[in-house]
Amino acid sequence: MALRIIFMGTPDFSVATLKALHAAGHQIVMAYSQPPRPGGRRGLDLQKSPVHQAAEDLGIEVRHPLNFRDPADREAFVALGADVAVVVAYGLLLPEAILNGTRLGAYNGHASLLPRWRGAAPIQRAIMAGDAETGMMVMKMDKGLDTGPVALTRTVAIGPDMTAGELHDALSIVGAEAMVEAMAKLEADTLETVVQAEEGVLYAAKIDKAETRVDFTRPATEVHNHIRGLSPFPGAWTEMDVNGKPERVKLIASHLAEKDGVLAGPGTALDDRLTIACGTGAVSLVRLQKAGGKALNAEDFLRGTPLPKGTVIT
C-alpha cells in the first residue's frame with residue numbers, strides 16, 4: 001500500500017523528490033510551499049515557487065501559509081490524516097505540532113553529511129570549505145535545527161572544479177532516490193535511524209552579501225573554493241577597470257593555476273589570459289559576467305574587456 005504523504009518544499013532542489021515520490025505511487029495528499037513572491041522583469045507579478053508549480057502540474061493541491069502560528073493552519077495540517085510528512089528545503093522551521101502531525105512523523109532530505117553543515121547553506125559551505133565529499137541524508141525531524149536521527153545516507157564526491165550549481169543538481173537527484181528508498185522502507189516498517197554524532201558539528205549559515213566579494217590576498221585554494229562555492233548564485237565578484245572606470249564583475253568559474261604570484265602581489269594579472277595572483281599561488285578565471293551582461297568564457301570576455309599583464313583587480 002502507498003503512503004499518504006504531505007510534501008513540503010519550495011525551490012528547484014525539492015522538485016525532483018516530489019516527482020519521484022509521485023512516480024513511486026505514493027499519494028501526495030497536499031503540497032506545502034512558500035507563498036508566491038513578487039517577480040517578473042519589473043517585480044510586479046506574483047511568482048509561484050518551483051514546488052508550487054510542479055505540484056499543480058501533477059494535480060496536487062498546494063497550501064502556502066506564512067507560518068504555522070495560526071492554530072487553524074496546524075489543525076488543517078493534522079486533519080489531512082497523512083502517514084508522513086516529507087520536507088525538502090521548505091524554508092520554515094516547523095513547530096512540534098507539525099512534526100508530530102502525521103502518523104509516522106516528518107522526514108527531511110538534507111544536503112550534507114550530518115552533523116557537518118547543519119543549517120541553511122550546506123552545499124555552498126561544503127565547497128567553500130574545500131570538502132572533498134558531501135551527500136544527502138534522510139533524517140527524522142525533531143525540534144532542533146537538523147539534529148534528528150539519520151535514516152539513510154548517500155555520499156557524493158565534490159570535484160576540484162565543481163561549482164555549487166553543479167553539486168546542487170547532483171544532490172537533487174541523489175536526494176530524490178534516497179527519499180523514495182527511505183519511504184519504501186518506512187512503509188515496510190524496516191526503516192531504522194541512528195542518532196547523530198556529537199562531534200563534528202558545523203553550521204552552514206546563510207550566505208551574506210557582505211562575504212561575496214573575492215579577497216585575492218587569501219591563498220589560491222581558498223579563492224578558488226570561494227568562487228565555485230558561490231556559483232552561480234549569489235556569485236562571487238570583484239572590480240575591474242572597464243573603459244576607464246571600475247565595474248563589478250561576477251566570477252562564475254575558475255581553476256587553480258600553476259603560476260605563483262607572490263612577487264607580483266595579490267590581484268595582479270600574471271598574463272593576458274586572466275591568471276590572477278593570490279596571497280599564495282594563483283587562479284585562472286574561466287567564466288565571468290559583467291553587470292547586466294551575459295556569462296562569457298575567458299576568451300570571449302577578454303575580446304570586449306582586455307586585462308593586460310600587470311593590471312591589478314580588487
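Reader: Which residues is Thr268 in contact with, leaving aside its neighbours within four places in sequence?

Author: Contact means heavy atoms within 4.5 Å, and in this predicted model, once neighbours within four places in sequence are left aside, Thr268 is in contact with Thr275, Ile276, Ala277, Gly310, Thr311 and Val312. Residues are numbered from 1 along each chain as its sequence is written, and side-chain values use heavy atoms, with hydrogens and water left out. Because this is a predicted model, local features need pLDDT of at least 70 and side-chain atom pairs count only at pLDDT 80 or more, while totals for chains, interfaces and linings use all residues.

Reader: Where is Thr268 found, and is Thr268 buried or exposed?

Author: Helices (H or I, at least four residues) and strands (E, at least two) are DSSP runs, numbered from the N terminus, and Thr268 is found in the loop between S13 and S14. For accessibility, buried means under 20% relative accessible area, exposed over 50%, and partly exposed in between (1.4 Å probe, protein chains only). Thr268 has 8% relative accessibility and therefore counts as buried. As for distance, Thr268 and Lys309 are 41 residues apart in sequence, and from C-alpha to C-alpha they are 7.7 Å apart in space.

Reader: How should I read a salt bridge, and how many salt bridges does the count come to?

Author: Side chains of opposite charge can pair when their charged atoms come close. The rule used here asks for a side-chain nitrogen of Lys or Arg within 4 Å of a carboxyl oxygen of Asp or Glu, and by this rule the count comes to 13 salt bridges. One of them brings together the side chains of Asp83 and Arg103, at 3.0 Å from N to O. This pair links distant parts of the chain, with Asp83 in the loop between helix H3 (71-78) and strand S6 (84-88) and Arg103 in the loop between helix H4 (96-99) and S7, 20 residues apart. Asp83 is buried, with a relative accessible area of 13%, whereas Arg103 is exposed, with a relative accessible area of 58%.

Reader: Which residue forms a salt bridge with Asp271?

Author: The partner of Asp271 is Lys259, and the closest N and O atoms are 3.0 Å apart. Asp271 and Lys259 are each in the loop between strand S13 (245-257) and strand S14 (275-277), 12 residues apart. Asp271 counts as buried at 6% relative accessibility, whereas Lys259 counts as partly exposed at 36%.

Reader: Which helix holds both Asp300 and Arg303?

Author: Both lie in helix H8 (residues 298-304), where three residues, about one turn of the helix, separate them. Asp300 forms a salt bridge with Arg303, and the closest N and O atoms are 2.2 Å apart. Asp300 is partly exposed, with a relative accessible area of 32%, while Arg303 counts as exposed at 58% relative accessibility. Elsewhere, salt bridges that share partners join Lys259, Asp271, Asp272 and Arg273 into one network.

Reader: How do I read a cavity, and how many of 30 Å³ or more does a search of the whole structure find?

Author: On a 1 Å grid over the protein atoms alone, a cavity is a set of points where a 1.4 Å probe fits but cannot get out, and its lining residues have an atom within 4 Å of a point. Grid points are joined across faces, edges and corners, and a volume is the space filled by probe spheres set on the points. The search finds one cavity of 30 Å³ or more, and the largest cavity has a volume of about 30 Å³. Its lining consists of Thr17, Val88, Gly109, Met136, Met137, Val138, Gly175 and Met179. Strand S9 (133-140) and helix H6 (164-187) are the elements that give two or more residues to this lining, and the largest share, three residues, comes from S9.

Reader: Which residues does the UniProt annotation "binding site" cover?

Author: The annotation, from an unreviewed UniProt entry, covers Ser112, Leu113, Leu114 and Pro115; UniProt positions are given in the numbering used here, feature names are shortened, and annotations may be inferred rather than shown by experiment. Leu114 is found in the loop between S7 and S8 and is buried, with a relative accessible area of 9%.

Terms used
1 Å grid on protein atoms, 1.4 Å probe; cavity = no way out; pocket = protein on both sides within 12 Å on 5 of 7 lines; lining within 4 Å.
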